[in-house]
Amino acid sequence: MRGIVMTFPSSGSRRLVDLLRRQGIERITWVPGESYLAALDFLHDAAVDVVICVRGNPRP
């Protein structure tokens, strides 16, 4: 019996990071969110600088 082939959500994240590196991207801006955690892991491993953008009310 053959093994089960599973597709993990991180495969899309890995492709995204590979594309960014091939294009010579060294820094990106990012809006944090739970659904992007796999991509952030790959970005860290690929040494791409991530600038986190946080939306909020400025303090007076």
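Which residues does valine 17 touch, not counting residues up to four places away in sequence? The list is Ala39, Phe42, Leu43 and Ala46, where contact means heavy atoms within 4.5 Å. The surroundings of these residues are taken up below, after an outline of the chain.

This is a predicted model, in which local features need pLDDT of at least 70 and side-chain atom pairs count only at pLDDT 80 or more, while totals for chains, interfaces and linings use all residues. Residues are numbered from 1 along each chain as its sequence is written, and side-chain values use heavy atoms, with hydrogens and water left out.

The protein chain has 2 helices and 2 strands, which run α-β-α-β from the N terminus on. Helices (H or I, at least four residues) and strands (E, at least two) are DSSP runs, numbered from the N terminus. Of the 60 residues in the protein chain, 15% are buried. Buried means under 20% relative accessible area, exposed means over 50%, and partly exposed lies in between, with a 1.4 Å probe and protein chains only. The protein chain exposes about 5,600 Å², and carbon and sulfur atoms supply 55% of that area. Accessible areas come from the Shrake-Rupley method with a 1.4 Å probe; for residues, only the protein chains shown count as cover. Among contacts with a separation of 6 or more, 33% are between residues 24 or more positions apart.

Helix H1 covers residues 10-22, and serine 13 lies in it. Valine 17 counts as buried because its relative accessibility is 3%, and serine 13 counts as buried at 13%. Leaving aside neighbours within four places in sequence, serine 13 is in contact with Ala38, Ala39 and Phe42. Valine 17 also touches Ala39 and Phe42, among others. Between the C-alpha atoms of valine 17 and aspartate 45 there are 9.6 Å in space, although the two are 28 residues apart in sequence.

On the side of H2, the buried residues are Ala39, Phe42 and Leu43. Seen down the helix axis, these fall within an arc of 105 degrees, so they line one face of H2; the arc is that of the directions from the helix axis to the C-beta atoms. The face turned away from this buried side carries the exposed residues Asp41, His44 and Asp45.

Next come the strands. E1 and E2 pair in the parallel sense over 4 bridges, where pairing requires that DSSP finds at least two bridges between two strands. Tryptophan 30 has isoleucine 52 as its bridge partner in E2. Ile28 and Trp30 form the covered face of E1, while Arg27 and Thr29 form the uncovered one. In a regular strand the side chains alternate between the two faces of the sheet.

Two loop residues complete the picture. Glutamate 26 lies between H1 and strand E1 (27-30), and it counts as exposed because its relative accessible area is 57%. Leaving aside neighbours within four places in sequence, glutamate 26 is in contact with Arg21, Ala47, Val48 and Asp49. Alanine 47 lies in the loop between helix H2 (37-45) and strand E2 (49-52), and is exposed at 59%. Alanine 47 has a positive phi of about 60 degrees although it is not a glycine. Most residues other than glycine have a negative phi.
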